[in-house]
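Welcome! Here is a short briefing to read alongside the sequence and the 3D view.

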Amino acid sequence: MGTNSRFIATDGWKIVETRFDPGRVRASESLFAIGNGVMGGRANFEESYSGPSLQGNYIGGVYYPDKTRVGWWKNGYPDYFAKVPNAAFWPGVGVRIDGEELDLARVETLEFYRELDMRRGVLRRRARVRMGSGAEVLVEAERFLSLVRRELGAVRYAVTPLDRGARIELRPFVDADVCNADANYDEKFWEHVETVRDAVRMRTAKSGFEAAWAQCARVAGVTLRPETAGERVQECAVVEAGRGERVELVKCVGICSSLNHAPDELIPAARSVAGEGIRAGFGTLLGEQARAWKGKWRGCDVEIEGDAAAQQGIRYCIFMLLQTYTGVDSRLNIGPKGFTGEKYGGVTYWDTEAYCLPFYLATAGAQVARALLVYRYNQLDKAIENAAKLGFRDGAALYPMVTVNGEECHNEWEITFEEIHRNGAVAYAIHNYIRYTGEQEYLARCGLEVLLSIARFWAQRITWSEARGKYVMLGVTGPNEYENNVDNNWYTSYIACWSMRYAAEAARWVRENRPEDYRRICAKRHFDEAAETARWTEIADRMYLGEDPERDIFLQQDGYLDKEQRLVRDLDPRERPLNRTWSWDRILRSCFIKQADVLQGLYFFGEHFDTGTVRRNFHFYEARTVHESSLSPCVHAILAARLGEMDKAYEMYLRTARLDLDDYNREVEEGLHVTSMAGSWLAVVEGFGGMRMRDGVLDFAPVLPAGWRSLTFRVNYRERLLTVRAEAGRVEVTNEGAPVEIGIDGCRYTVADRAVHMR
Ligand code: BGC
């Protein structure tokens, strides 16, 4: 267990801390982060805090192209890394008690309580403090980013002098004078455009996005005095409060960006959001928020009886994922840290397709998941340009490893140029979407164009090996980034073959079923189906896929077995994580695997392999995997559950579901592992819930860890809300929509309202 285990109390619906520890402020800022799918931020205190802290507020889709910084430039590197800029600090409330600044780093904290209410989407905090003057004061703060009014942030902040009367000054503020901690050249990402009494407007340098923040604040019976100056909007209320008299401030901030408004309309728009919020009142806004969250939870809650830590862990993951992405705008995506930190730039990785898509598909529905596919569809031409920059031609597409607008941002050669398996994940996501929704139609609208462009890339990326009489895939990096420039990475080659075959099938389907779209696509993409698909099939049939006959396993890549074969269990725990204690050279030469690689393929394509094959590969590779990517344990949890190896499945599950809550990797202060949280959901629903598409039907084959009395989860399947409840000897599926065919342990049921399956 990591550093948080003492701190975060176990509660099914809340994340709670009951002590103030200055050494933990940054970690808790990540853990208690809030968001509404279009923006979000870290749980920085509203009032000043002079201790170590990472301030962070982010607006989805707004980015700054931070000029690339590398030790040695290589042709083909992108010029910039897109980073979501740290934006104005909107929840600010400065507090002075008898002239003395309230700053938890400087006063004595007598009591402290903070909770993230996941049921309602609200962050609350209460602190009883003794000021330098000796005055005792109670501070209560509540805030949220509205799910309903997507451009609104609201704060209720109250101060009560407890042992004597006091002069209380409250200064609600928005501070746009902020910078990024991870700027490559210490540049400021925002330039000032204008400030008016109640609002400030800023523009990102180079990329030219604009955003405005307008503040509207109220303190009952008090007129607030404007103090706005520079890039800071501020007002001041002064109250002579008697002992025990609660002084309450409510503030609403409208946060609008040029993604949705013309620049000149930003301030008026933000003002109207803030004004309407204040007129509605904090209670009404809170009620809306609670109702909206209730609606979300109805479609996706997971209940685990008999394991409070696992229950809290999975709700936390679901909550953070829903705070990060709601599918309302296909220009947005899911950064590995969501809106909780600057690491990874807040931009898009293969994590979206490989891990997040199935979560949104089954919890938020087809439309939300489709927005993620459309994001890549809209970036197809950029992916073709990206491939062209690397020397590919004729409409071959290479999706970037890291992107915000379709252009590649990553600049480590072994990843940028070699970690090409990401292209396969983009294709796989289309297949995953269609098999779950049954919406083949998507191929005609967008899917085929993406698939054929990806297939073209693979067809150019392979090499014919005279020596082997096979096609080979040279110089790649698999998901296991602890080895680079390898030949014939099994996962990459396998997904490449699968993508080419799937593209050929997709082309046939569109030709046969949507002839008009077919003609349009052929003309637009200069597609010669007969010649191109023949070539793809020939390559897929003759691709070299390494195997070790002795162990009867797939070979992660050429030469893997030449390495000294050591096992993770023989490593000295003090050496782990390896990426902090070993030289990079030593890591590259060792057999230790960063994250699921061959096993990622066995997870994606489970139906292609028999159980014995999965088991042999699982035992071999699991013993050598150090799980130094948070994306890894969930894949191992799912495979272990499928194999009935429940102790291993549970061990892997806890590592993923409570990774941040228990701070296993001692890095939670940088932000949360949001995309791996989708993996935690996969581990519960696809692992323990055994949910899988089999022959066109959604099937459940639950297997519960020893301590779980029951597991209940909800999924949205083809416009129906299904509730699956598994307990010893019994699985029940209820359906709130039109009758639907499902499977339980492979037995078919047409469920009108309920199916009970006894085991
Ligand atoms: C992993 C990648 C992942 C990235 C962002 C890396 O550590 O190896 O697979 O895409 O983190 O989550």
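Strand 15 (residues 199-204) and strand 16 run antiparallel and are joined by five bridges; two strands pair if DSSP finds at least two bridges between them. Helices (H or I, at least four residues) and strands (E, at least two) are DSSP runs, numbered from the N terminus. This is a predicted model, in which local features need pLDDT of at least 70 and side-chain atom pairs count only at pLDDT 80 or more, while totals for chains, interfaces and linings use all residues. Residues are numbered from 1 along each chain as its sequence is written, and side-chain values use heavy atoms, with hydrogens and water left out.

- Strand 16 (residues 210-219) is largely enclosed by the rest of the structure, because nine of its 10 residues are buried. Buried means under 20% relative accessible area, exposed over 50%, and partly exposed in between (1.4 Å probe, protein chains only).

**Around the ligand**

- Which residues surround the ligand? They are P336, Y344, Y349, W350, D351, E481, K594, Q595, S629 and L631.
- This shell divides into five nonpolar, two polar and three charged residues. Ala, Val, Leu, Ile, Met, Phe, Trp, Tyr, Cys and Pro count as nonpolar, Asp, Glu, Lys and Arg as charged, and the others, Gly among them, as polar.
- A polar side-chain atom of W350 lies 2.9 Å from an oxygen atom of the ligand, and for E481 the distance to a ligand oxygen atom is 3.1 Å.
- In the side chain of K594, an N or O atom is 2.9 Å from an oxygen atom of the ligand.
- The ligand taken alone exposes 310 Å², and the protein buries 91% of that (Shrake-Rupley method, 1.4 Å probe).

**The whole chain**

- The protein chain has 20 helices and 32 strands.
- Of its 759 residues, 63% count as buried.
- Its C-alpha atoms fill a box of roughly 85 × 55 × 55 Å along the principal axes.
- The radius of gyration of the protein chain is 27 Å, which agrees with the value near 27 Å for a compact globule of 759 residues (taken over C-alpha atoms; the globule rule is 2.2 Å times the number of residues to the power 0.38).

Terms used. A residue is near a molecule or strand if one of its heavy atoms lies within 4 Å of it. A polar contact is a pair of N or O atoms within 3.5 Å; within protein, one must be able to donate a hydrogen and the other to accept it, and residues adjacent in sequence count only if both atoms are side-chain atoms.
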